[in-house]
Amino acid sequence: MEHLSNFISSLQHKVETLRVYIDSIENGHLVSKADRIHYVSNPLNSIRLVRRTREDWPKVIAYIRNQESVKVPNEEMHKLVNRTPNAEDMQEALFGMDRIEHFYDLKSSDMAKGLVAAQQLQTPMTSPDCLALADYMYKRSEFRRAAQWYRLALSTITEPHNSMFGELYVPQREELRKMFIISRLQEGSVGNLSDYLRELSQDPTLPLIHLKATPAPTAVELGCRGKFPPGPQLVCRYNSTATPFMRYAPLKEEEISRNPLIWLYHDVIYDSEIAQLTNLTRDEMTQGTTENDNHEVEVNRLFHVQVTEDDGGKLDKALVNRMADISGLDVGNTTSLARINYGLGGYFPEHSDYKDLKLHPELLEEGDRLFTFLFYMSDVPVGGATIFPEAKIAIQPRKGSALFWYNLHNDGEPNLLTRHAVCPTIVGSRWVLVKSMLNYEQMFRKPCYK
Ligand SMILES: O=C(O)CCC(=O)C(=O)O
Ligand SMILES: [Fe+2]
């Protein structure tokens, strides 16, 4: 924008210079031949005209041609293009918007007005934004939702200011109408065409009829929509006995659940540590992948992750020692911490942190993951809860807090209630630090809870 705006200013300056020049010589229009002859028969006009054509005109032409006077920002803009969001980023953003709408069961017409999950975000969507989402949903065979977005693109279309701007402006009314009807026909039948045409002219805030059965919401989706019943009233306490140090700085401990065992600790990571840990660019992170039920790896543009290696730096060691202090457990010799960032619509599907040795005999020697520590490194104003769908628990991230839970029962069997997911982030950049610890490392430490 800065380059383009500088370019426009210098272009404007050139235009103004030329305008001043032409205004200074304007003599009205000498339309007829007689008028022109009369004009040059005046010697003062004549000499001025001759001088102007001989002296001024070459300079004006040189000025018009001179590239220096208008710095065309080609090169700078080209350099920037390499750093601007690429096609993958665009896909990721579309995936994210799709998830936000779907997970929170939002009305597309509210989103288009900038009303997202009861938050007025002051940013209505433009027609090209709606069209990008419509095309994306169409490609994913989400035809009803695509039709809704095509209709919104149509209703938010603004008339181009001039013909050149029209060429830059993409949505074309006819195309949008056509795509709306095609989307409806994908799920409906030609016999009902007149219904679809009626829908097209309706108020775009009216929902479209479902022409295809929609699956019932999953437990994760319900949790993300805030539909879990309120949790049990458990206790909060200052723990000043876990380590001698805690006599000076008691730990703020909050019980979240007894089965599975989950605690939330407050103010356990400093802002300065967070600043250091989150000082990462996307280039230094990799796309998060998940395994589906068939143990196939899926890349769904969910989040970005960086795992530090086993001999992490001073800060990693300090954090791992803190986890040991908080939990009273043996966190082993490895640091290996994962830092995860969730952007627009960033999401972690339901999974378990335990592996289940019965399904993974190759892990028998290493053992299963007994517990997980999850440090929240940012507040998430809207969305982004950690959800335990089986246990019906949702935890909203709070910067500086840490969640700690046991994935296994005392006998080492997986606790199925610890399956968890992360709701799509709506507002904010969600950062967490995660570490899971192995069972066998605890053999001399793990207290018996039952
Ligand atoms: O980000 C979260 O809240 C959870 C992350 C998580 O489940 C994991 O890394 O295994
Ligand atoms: Fe997890």
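In what order do the four strands of the open sheet stand? I looked this up first in the model, which is a predicted one, where local features need pLDDT of at least 70, side-chain atom pairs count only at pLDDT 80 or more, and totals for chains, interfaces and linings use all residues. I count residues from 1 along each chain as its sequence is written, with chains lettered from A and ligands numbered from 1 in the order in which they are written.

**The sheet**

I read the order as 9-15-12-13, with antiparallel pairing; strands (E, at least two residues) and helices (H or I, at least four) are DSSP runs numbered from the N terminus, and two strands pair if DSSP finds at least two bridges between them. Strand 9 (348-351) and strand 13 (393-395) are at the edges with a single partner strand each, so one side of each has no neighbour in the sheet. I then followed strand 9 to strand 15 (residues 420-422), to which two bridges join it in antiparallel fashion, and noted His420 of strand 15 as the bridge partner of His351.

**The helix pair**

I next looked at helix 7 (residues 127-139) and helix 8 (residues 143-155), which pack at about 160 degrees with axes 8 Å apart, the axes being lines fitted to C-alpha atoms over the stretch in contact and the angles running from 0 to 180 degrees between N-to-C directions. Helix 7 is therefore roughly antiparallel to helix 8, a term for angles over 145 degrees. Among the residues in contact (C-beta atoms, placed from the backbone, within 7 Å), I noted Leu131 and Met137 of helix 7 and Trp149 and Leu152 of helix 8.

Key. Angles under 35 degrees count as roughly parallel, over 145 as roughly antiparallel, 65 to 115 as roughly perpendicular and the rest as oblique. Two residues are in contact if their C-beta atoms, placed from the backbone, lie within 7 Å.
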